[in-house]
Amino acid sequence: MALQSKAAGPIPVCAHSGCGRDAGAFASVRAAPWAPCGTIPAMLMYPQIDPVALQIGPLAVHWYGITYLVAFGLFMLLGVLRLRHAPFAALRGAQAWSRRDVEDILFLGVLGVIVGGRLGYCLFYKPGYYLGHPLEVFAVWQGGMSFHGGLLGVAVALLWFARSRQRPLLQVADFVAPCVPTGLAAGRVGNFINGELWGRFAPPDLPWGMVFPQSGSMLPRHPSQVYQFLLEGLLLFVLLWLYARRERRPGQVAAAFLVGYGALRFTAEYFREPDSFLGLLSLGMSMGQWLCVPMVAAGVALWVWAQRQPVAARR
């Protein structure tokens, strides 16, 4: 229903049944069509989960820390299972893979994630701030980690492992790649528990639209942490694990991870609220999306290169 005006034509009104108040006056506050009368439909509210899972005197165990432990445990479990896949199960002698290799990769990977993730956040997202406050780079307890920086840190860790054990780097990368997505999924659970990295505004009739009061708005948003949990975590894990069960050319499993994660993260970023201090960059893309572009390109190039290698060179 709309009230008619001789001068301006139809005047938008509140869509709530029985209201009829002029909605045009509320356009400046980004209100949804039902907002002018203050009546809103039922929607999901962020449950405000206590980030501390267990408090024993001065010792506080945070849920986010638990999700990291879950991620490391899943990597160890999947790594042991990965030892049964080709070509690793067939390797013998000095080239044979063992549980100890998985443990060492996990240890080095943790260092790579922490160091690379922190440095990546400082360089990719707030270079000017940390250039003026260099000591705060070490203040990891204040938050601020970058997946793409962590990926580079893990790449350095895997390079060191490959050289120290005299193993082909691509073989090491192929071993690790399918074991990573479950850890990413655990991290997104931690993001949701912390009530951070919420999504962009969602249509008011979206059944799973969720209000995050800590965002400063009472309008429903996309629960982008859940989207990323499902896409970059579960879906990517299933696809990679199935792809890696058969022997592939060296580098192709790692390439599939780069392309898969980059494409799924790029898609999820359309629903995730950009960082307030950056906003959207060129072409209306977020920093996360721009960082995914070279990732996908590198994955495609690696896969094509591996596909063109002679069979004899792969043995």
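Is R167 buried or exposed, and what is its relative accessible area? R167 is buried, at a relative accessible area of 9%; buried means under 20%, exposed over 50% and partly exposed in between, with a 1.4 Å probe and protein chains only. The model is predicted: local features need pLDDT of at least 70, side-chain atom pairs count only at pLDDT 80 or more, and totals for chains, interfaces and linings use all residues. Residues are numbered from 1 along each chain as its sequence is written, and side-chain values use heavy atoms, with hydrogens and water left out.

**Close-up A. Salt bridge between R167 and D101.** The two side chains meet at 3.0 Å, N to O; a salt bridge is a side-chain nitrogen of Lys or Arg within 4 Å of a carboxyl oxygen of Asp or Glu. The pair links distant parts of the chain, 66 residues apart: R167 in the loop between α4 (147–165) and α5 (169–176), and D101 in helix α2. Helices (H or I, at least four residues) and strands (E, at least two) are DSSP runs numbered from the N terminus. D101 is buried, at 4%. A network of salt bridges links R100, D101, D104, R165 and R167. The whole structure holds 9 salt bridges.

**Close-up B. Salt bridge between E103 and R99 in helix α2.** The side chains meet at 3.5 Å, N to O. Both residues lie in helix α2 (residues 99–124), 4 residues apart, and are therefore separated by about one helical turn. E103 is partly exposed at 38% relative accessibility, and R99 is partly exposed at 48%.

Close-up C. R221 and E273 form a salt bridge of 3.4 Å, N to O. This pair links R221, in the loop between β6 (210–211) and α7 (224–244), to E273, in the loop between α8 (252–268) and α9 (287–307), 52 residues apart. R221 is buried at 4% relative accessibility, whereas E273 is partly exposed at 32%. R221 also lies over the face of F201, 4.3 Å from the ring centre; a charge sits over a ring if NZ of Lys or CZ of Arg is within 6 Å of the ring centre and within 35 degrees of the ring normal.

**Close-up D. Aromatic pair Y68 and F72 in helix α1.** The ring centres are 6.0 Å apart and the planes stand at 75°, so the pair is edge-to-face. Rings of Phe, Tyr and Trp (its six-membered ring) pair if their centres lie within 6.5 Å, with planes under 30 degrees apart counted as stacked, over 60 as edge-to-face and the rest as tilted. Y68 and F72 are 4 residues apart in helix α1 (residues 63–82).
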